[in-house]
Amino acid sequence: MKKDSMLYVVLFTFAVCAVFTLALAIANEGTKDLVAANAEFATQSAVLGALGVPFDGKADAAARFAETVGAGEAPRSWLATVGGADYVAVEQSGPGLWGTIVVILAATPDGERIRGVRVVSQNETPGLGGRIAEPWFLGQYEGERSPGGRVGMRAGAESSGAADSDKENGRVDGVSGATRTSQSFAAIVDAALARVKESGGER
Amino acid sequence: MKAPKAVAILKDNLWANNPIFIQILGICSTLAVTNSLNNTLVMTVGVALTTAFSSLTLSALKDLIPRKVRMIVQVVVISFYVILIDILLRAYLPEASRQLGPYVGLIITNCIIMGRAEAFAQANPPLLSFWDGLTSGLGYMAVLMAIAAVRELLGFGTLFGLRVMPEGFVPWTIMIMAPSAFFLVAMVMWWAKSVQARRQTAGKEAKK
């Protein structure tokens with residue numbers, strides 16, 4: 001068969017595509033369980049982190065998760081009792097500056113006090129908006145009162161640029177240099193609190 | 001593989017014909033990933049491996065590939081390796097995969113890979129092509145790591161995530177953002193070109 005004949009070109013292209021796609025399919029099939037396990041660990045560690053349950057490594061996280069956390073009625077929501085108090089955790093996503101931000105938030109069932117927040121995924125500018133995943137920023141939400149299911153965000157010029165340590169004022173400080181990301185984050189937290197209230201009120 | 005030729009290729013790709021500051025290829029990824037050393041390392045290793053293996057594969061297939069569909073086959077092979085790297089990262093290095101996000105998929109758009117496939121792998125034996133791809137990746141890595149070191153040090157005050165600068169250090173926000181990579185790439189080009197120009201004139205005068 002001539003190398004430049006139509007038949008050869010079609011057959012060759014078809015064969016090359018088939019072989020390489022098959023190899024990828026095999027690789028994907030082979031690592032599927034591992035990828036799923038990684039995704040599950042990411043969710044579990046975020047839920048436990050938001051609930052303030054300490055854990056040590058993958059196996060411990062799975063054990064603690066099974067021990068303390070139960071599935072909620074709504075999809076991607078969890079119920080848990082930590083230290084004698086009931087909490088509801090929900091996964092909430094919303095638009096950030098560049099891409100979708102996914103967080104897991106745990107709060108009291110009435111949505112009036114936050115237990116904790118963890119960022120599952122975000123694509124904000126590293127070092128600016130990306131700082132929403134840092135402990136100093138998320139730490140502000142731990143135990144923060146959220147009157148009416150809202151937490152104020154002091155973004156831009158209002159922000160002190162440091163963490164707001166007052167847990168009763170229902171306000172947190174935004175990341176300086178990332179006003180838009182901070183505002184988006186506040187909206188996602190408020191939406192998550194609304195969902196906590198919804199699922200918590202049914203109990 | 002003949003040793004002198006391999007050494008010549010290594011020198012060429014690292015210095016005389018470096019993909020970043022001489023061929024000006026792969027600049028987009030230079031801007032995107034170089035604000036942290038960890039991400040840069042994973043990304044450049046990915047690029048080096050993709051270039052090496054796709055050059056190897058394409059060189060091995062070169063007598064079978066019809067000229068009409070040459071580029072299509074190149075793209076299929078390159079994307080095969082990129083997706084493979086993405087799958088492996090997701091399975092074995094989930095943290096790095098999460099931080100790199102869409103950048104891994106963007107390895108495929110890196111012009112160095114296709115550049116080497118077109119310029120070298122088409123006319124050379126597989127092992128030599130593999131070596132050429134790998135060293136091109138190393139040349140790319142060397143420049144990017146140097147830029148990332150400066151950007152991370154001044155932008156975060158850290159190196160590989162470890163605090164280096166004293167507590168009172170105010171991070172340079174510009175270093176985290178893409179424009180700083182433009183300045184730094186330009187400076188690297190300036191430095192490399194002037195050194196090469198000086199050597200050339202010195203060489204000419206020595207001949208006289």
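Okay, which helix of chain A does Ala42(A) lie in? That one is helix H1, residues 6-51. Helices here are DSSP runs of H or I with at least four residues, strands are E runs of at least two, and both are numbered from the N terminus.

Quick housekeeping. This is a predicted model, where local features need pLDDT of at least 70 and side-chain atom pairs count only at pLDDT 80 or more, while totals for chains, interfaces and linings use all residues. Residues are numbered from 1 along each chain as its sequence is written, with chains lettered from A and ligands numbered from 1 in the order in which they are written.

Back to Ala42(A). Buried or exposed, or in between? Ala42(A) is partly exposed, with 19 other C-beta atoms within 10 Å. The cut-offs: 20 or more is buried, 12 or fewer is exposed, partly exposed is in between, and C-beta atoms are placed from the backbone. Ala42(A) sits 31 Å from Gly156(A), C-alpha to C-alpha, and they are 114 residues apart in sequence.

Now chain B. We get 9 helices and 2 strands, and the order from the N terminus is α-α-α-α-α-α-α-β-β-α-α. The radius of gyration is 19 Å, close to the 17 Å of the globule rule for 208 residues, so chain B is as compact as a globular protein of that length. That radius is over C-alpha atoms, and the rule is 2.2 Å times the number of residues to the power 0.38. Of the 208 residues, 41% count as buried.

What's in the middle? The largest nonpolar core has 48 residues, and Tyr81(B), Tyr140(B) and Ile147(B) have the most contacts inside it. By core I mean buried Ala, Val, Leu, Ile, Met, Phe, Trp, Tyr and Cys residues joined through C-beta atoms within 7 Å. H7(B) gives the most to this core, 11 residues. Leaving out residues up to four places away in sequence, Ile147(B) touches Thr30(B), Thr34(B), Ala181(B), Leu184(B), Val185(B) and Val188(B). A contact means C-beta atoms, placed from the backbone, within 7 Å.

Last, the interface. Chain A and chain B put in 24 residues each. On the chain B side, H4(B) gives the most, with 10 residues. That side splits into 16 nonpolar, 5 polar and 3 charged. For those classes, Ala, Val, Leu, Ile, Met, Phe, Trp, Tyr, Cys and Pro are nonpolar, Asp, Glu, Lys and Arg are charged, and the others, Gly among them, are polar.

Terms used. Two residues are in contact if their C-beta atoms, placed from the backbone, lie within 7 Å.
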